Amino acid sequence: MPSAQSGEGGSGGMSNSSSNSNSSSSRAWRHQRLERIATRRRPWPPPPLIVTEEAAAAAAAAATATSTTTTTTTTTTATTADEFSLLGVPVWFLWAFIKDCGGIDAFEGLSTNDVCERFLKDMTAATGLALTHQLRDKEGHAFVTDASWFISHAWRFNFLDVVEAITLFVEDTAGLSFDTVVWFDLFSNSQHGTALRPFEWWTGTFANAIKAMGNVLMIMLPWEKPVPLTRAWCIFELYSTYTAAASFHVSMTKADSEAFLEKLKSKPMDVYSVFKNVRSQASEAMNPRDKEQIHAVVVATAGFAKLDRLVFSVLESWLTGKMKHHADAAGAGTLDRAAWLLALAHSYGLQGKFDTAEPLAKECVEIRTALLKKDEFLYAEALAMLADIYKLQSRYAEAEPLMHEANASMEAAGLSDTEDGIDSMSTLADLYQLTGRLDDAERIFKDCLDKSRAAAAAATSSGDEALAKAEEKVAQRTAMLAKFYWSAEQFDKAEQLAVSAVDLDARVLGEEHVSTLGHRNILAMIYQASGKLDLATQTAEDAHARSARLLGPDHLFTLNLLGTSANILAHQKRYLEAKLKFRELLRLFEHAYGEHHENTLVTANNLAFVCGALDHHDDAEAIYRRSVDRLRATLGEDNPRTLLVKGNLARTLIRLKRFDEAEALVRGCVEPVEKAYGPLHRQAMLLKLNIGRACVGLGRGEEAKGLFEFIIEHAPTLGEESDVVVAARKELSELPVPPARETDGGGWLWVAVGVAVAAAAVGVSLVARRWLVKSTV
């Protein structure tokens, strides 16, 4: 947007958002483009654009000779007309403008706002028009036509950086050329009266203009923290892009793009680091009223969560395209190609596109296996990547041997005590926990925490920054062990560790850092599970309130904290209140993230549970069936998560006394569950429990008795106080009475603790989320 409208141009001083223009390579590139584009691409040499003193005097004399009425009418028509001018300039004109205004050296260090004040206002002072109108209407230049691309940028940017980013995009995009016409507000808006337009004009006429152009190019600088994502008017342009269903694209300078991609290549887990800076609700404006009005429009229509997701999807697409380009450009079978394949696999894994990520990771493993020794980090990294992809698909049997080999490679390379080595061991511990080998999981989690504590002790002499990073890792490892003990129902140990993690995070990162809030959420769940419901409520509500202030009320992380509060209500048997909260939460998730998002499905499962607790079994059945259909479409028929919800649906059918349906449904789940977890895992035993219940309802008491006794016989494996064992004893004691009713089993809810920010904060190695699941007993 123009600075005259909103003050978005900033202070008007030198730009400090990017230093790319000061590098010798950047200057050489720009001089080359200046000669190539400005001179050779012009259809004809335009007259000088600089307004000389003589020309300015002549224009002033002519303006004086014209009646005041005529002058006023002309200016008012240009600045307050209802129509939005789509006139733009071709890309080559940007370079012609630079050349005719003194060349590259004359623009060094100038922001777009500086260029406006130093050149544009003088050029257009006599007419009061936008430069595009002046060139076409007053000077007759036919190259000024309707634009097909809208340029979104911040006025504080270095002007040469913006022109470079636009040029690179045109060069890299099929179908575009230097004759492509762009709507650049510096040239396409009058800089002498834009403020006369009311806000309603921008929300209507401007949005329609975006739709007419059909394409938006946002200049993302600097890459570490893009300024446009912090400016309210740029956010409004994103909102207009969303409402107009326009195509949205991103460009950077050559230096910024290369720096970002090199970081991405060397540290694939940083692929989403830029997303942490996308908080449309936190955007600011020089004029507080602009911010208030823009935010109100977004809230009333798209919502900040959807707007953030628009940016996420665009950045994902841009990143993926860049990585594909570099992977294809690298030689076949080279380490360079392997590095880009690994980065791509990470990116697709973070998007949940495992079918696409898996072959990329496999090719990376093949290349590094052929070219590297087995005691090198890059070899171990590739194996761990592929193992993570398998693990996140619940393909534990395929993941485990890869993790063993990766850890052996780390040890051979002498990296076991580094953060990479500790991360690798943590992944193995996670696998052990998921497959029921709790003793091994506990041993490794504790060893990882001990190593992180030793690293923090060693960092005390390395400076405050190194110590803070090391202590942050200690907090993450502490929270991971706390989660393990929570899952193992050792709540005293879990509470002690979670409190320690929260305290350490608060000291190192601050009370309102996302890691601190994520660990508070874990602590709230531990309080809940151990029956300290007042503390649980207080902790969860405090974390939710802080997150709402920090990230916004409809952010994924905030919504999950709200889900914890709803879980606590259910645990207090305040089922009606919990049902209302889960229903509202489900609506918010579906609106903001879609019906197939995992947190939407988790919330649906929780809602179905409280419906069952209220004897609203028909409602529970309908919700479970929708969830099964969505999981089947997203993950597949035999995915363990799909099977788990099928088991919950079967339990509801038993309560509805539809025993034949329930038995058929459960028996179809047994083989894939046992394949994924083993025949003695809790999930496999839960299926046997429900088959037994169905048999009781069908009058096959002896068969049911055998199943219940089988479960009780394996109590040493499951745990004497396991909810499944307790329920089996209860069912056995009540034979031959059909037991289609609620038990006192403890595993009653799914809990979604691993939202994107929180799971990353507690050390998930690939995808920053997970489901810690217990199904209905």
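User: Which strand pairs with β1, and in what sense?
Analyst: In this predicted model, strand β1 (residues 87-90) pairs with strand β2 (residues 145-146) in the antiparallel sense, over two bridges. Strands here are DSSP runs (E, at least two residues), and helices are DSSP runs too (H or I, at least four residues), numbered from the N terminus. Two strands pair if DSSP finds at least two bridges between them.

User: What is the bridge partner of glycine 88 in β2?
Analyst: Threonine 145.

User: And how many bridges join β1 to β4?
Analyst: Two, and β1 and β4 run antiparallel. Valine 89 has valine 182 as its bridge partner in β4.

User: Switching topic. How many residues are in the largest nonpolar core?
Analyst: It has 191 residues. Phe97, Ile98, Phe159 and Phe187 have the most contacts inside this core. A nonpolar core is a set of buried Ala, Val, Leu, Ile, Met, Phe, Trp, Tyr and Cys residues joined through side-chain atoms within 4.5 Å.

User: Which helix gives the most to that core?
Analyst: Helix α22 (residues 464-487), with 11 residues.

User: What is phenylalanine 187 in contact with?
Analyst: Leaving aside neighbours within four places in sequence, its contacts (heavy atoms within 4.5 Å) are Val89, Phe93, Leu94, Phe97, Leu120, Ala130, Leu131, Thr132 and Phe159. A second, separate core has 32 residues, including Leu559 and Phe589.

User: Glutamate 442 next. Where is it?
Analyst: In helix α21 (residues 438-458).

User: Why does glutamate 442 count as buried?
Analyst: Because its relative accessibility is 16%. Buried means under 20% relative accessible area, exposed over 50%, partly exposed in between (1.4 Å probe, protein chains only).

User: What does glutamate 442 touch?
Analyst: Phe484, Tyr485 and Lys493, not counting residues up to four places away in sequence. The C-alpha atoms of glutamate 442 and leucine 481 are separated by 7.6 Å, though the two are 39 residues apart along the chain.

User: What pLDDT does the protein chain average?
Analyst: The average is 82, and 83% of the residues score at least 70. pLDDT is the predictor's confidence in each residue, from 0 to 100.

User: Where is confidence lowest, and where highest?
Analyst: Lowest in helix α36 (residues 756-761), at a mean of 34, and highest in strand β4 (residues 181-183), at 97. Over residues 2-21, pLDDT stays under 50.

User: What are the ground rules?
Analyst: Local features need pLDDT of at least 70 and side-chain atom pairs count only at pLDDT 80 or more, while totals for chains, interfaces and linings use all residues. Residues are numbered from 1 along each chain as its sequence is written, and side-chain values use heavy atoms, with hydrogens and water left out.
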